[in-house]
Amino acid sequence: WRVERWRLENMVVLLECVAVTPGAPIAEANGGRVLPAPDLATGETVVHAFELPPLGMPATTPRLAIAAAGTGPGWRSAALLISTDDGASWSPAGATAAPAVLGHVVTPPGMAPSHLEDRVNMLVVELANGAMLLHDADTVALAAGTNLAMVGEELLQFAHAVPLGGRRWRLEGLWRGRRGTESAIGGQMAGDRFVLLEPEALATLDLPMQVVGTSARVLAQGLGDEDAAEAAAAMIGISIVPPAPVHLRIYDLPDGSAEVRWMRRSRIGWDWIDGVDAPLGEESERYQVTILRAEGPQVVEMLEPRIALSAGERVAATGIVVRQIGAHGLSRPAMLELA
């Protein structure tokens, strides 16, 4: 015990402190400053709903797109309800996406072909609030999908946007009937929807197959809205069926018979790639062909884009209607009238 006590009493511990980094200089405190958010009016919610044709990967169920904004620049979002039974029941559908650039048609664009740039007609729209802007786009940007808008039931693009004042814009240099919507060309009326399609401003919902042939209704209510804004979309299946065939031609043969040919289109093959055919995009290539006759139509199914008519069938036929049979339904019809 005496030896251990001696060792403890005579033990010396030396500590040496070395600075690792120089000390920070003492700074005066700052009380900070206020960055207030701008006090902008939200206005009332405006909502548009429509079935969206394939813009990227193909859909396997009907796809509903919802775009919303406010009549004031301070609007941010709204809660959504959806009904697929004509309003008998409603289900929560989340919230809207970022504010969209939208409004309504003032002057419809009229009729035009879908395979040529429309330099004759123009479209006048009125946007929901004055903070919304539209911009020009050159040919390269248009080919990449810029300035794509849903106008009524037609998808179109515009090259030039001219402000007219009072939230109105004149759109020129139109590319009509995009993504298989050529059947809607010329069907717009004053007051129809106008929505600039931007991915961040669209909320999309996949609906059950049973909704095809009916309509979907949407309610959107934002902060300060007394009543919910409502929109309805006709679900015709354009999001899941192939586009209508094109270039129907009849070739009369010397023996009185004929052959009708057409070109298919693909809902996943919108890019024009030289030397490569458009991908099929369906489980198999099939067509429903209806031969119109005075005594009644004749319906046949073809496995290739052509049908042969005998001399008797050629004389009796007044028209040919072709639909491509897709994995989820029939395309819209392509019709050829026969003399």
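Arg179 is located in the loop that joins strand 9 and strand 10, where strands (E, at least two residues) and helices (H or I, at least four) are DSSP runs numbered from the N terminus. The model is a predicted one, in which local features need pLDDT of at least 70 and side-chain atom pairs count only at pLDDT 80 or more, while totals for chains, interfaces and linings use all residues. Residues are numbered from 1 along each chain as its sequence is written, and side-chain values use heavy atoms, with hydrogens and water left out.

Although Arg179 is not a glycine, its phi is positive, at about 55 degrees. With a relative accessibility of 25%, Arg179 counts as partly exposed, a class that lies between buried (under 20% relative accessible area) and exposed (over 50%), as computed with a 1.4 Å probe on protein chains only. A positive phi, near 70 degrees, also occurs at Arg167, a residue of the loop between strand 8 and strand 9 that is partly exposed at a relative accessible area of 36%.

Arg179 is also one of the residues that line the largest cavity, together with Pro54, Gly180, Ile238, Val241, Pro242, Pro243, Ala244, Arg267, Trp270 and Arg332. On a 1 Å grid over the protein atoms alone, a cavity is a set of points where a 1.4 Å probe fits but cannot get out, whereas a pocket is an open set with protein on both sides within 12 Å along at least five of seven lines, and lining residues have an atom within 4 Å of a point. The largest cavity holds about 80 Å³ of space, a volume being the space filled by probe spheres set on the points, which are joined across faces, edges and corners. Its lining comprises seven nonpolar, one polar and three charged residues, where Ala, Val, Leu, Ile, Met, Phe, Trp, Tyr, Cys and Pro count as nonpolar, Asp, Glu, Lys and Arg as charged, and the others, Gly among them, as polar.

The second largest pocket has a volume of about 200 Å³; of the 14 residues that line this pocket, Glu153, Ala184, Ile236, Ile238 and Arg332 are the closest to its centre. The lining of the second largest pocket divides into seven nonpolar, three polar and four charged residues.

The largest nonpolar core contains 32 residues, of which Leu123, Leu134, Phe158, Leu171, Phe194 and Leu197 touch the most other members; such a core is a set of buried Ala, Val, Leu, Ile, Met, Phe, Trp, Tyr and Cys residues joined through side-chain atoms within 4.5 Å. Among the elements that give two or more residues to this core are strand 2 (63-70), strand 8 (154-165) and strand 9 (168-175). Apart from it lies another core, of 20 residues, including Leu64, Ala93, Val218 and Ala231.

The structure holds one aromatic pair, formed by Trp262 and Tyr287 in an edge-to-face arrangement, with 5.4 Å centre to centre and 75 degrees between the planes. Rings of Phe, Tyr and Trp (its six-membered ring) pair if their centres lie within 6.5 Å, and planes under 30 degrees apart count as stacked, over 60 as edge-to-face and the rest as tilted. Because Trp262 lies in strand 15 (residues 258-263) and Tyr287 in strand 16 (residues 287-293), the pair ties together parts that are 25 residues apart in sequence. Trp262 counts as buried at 4% relative accessibility, as does Tyr287 at 0%.
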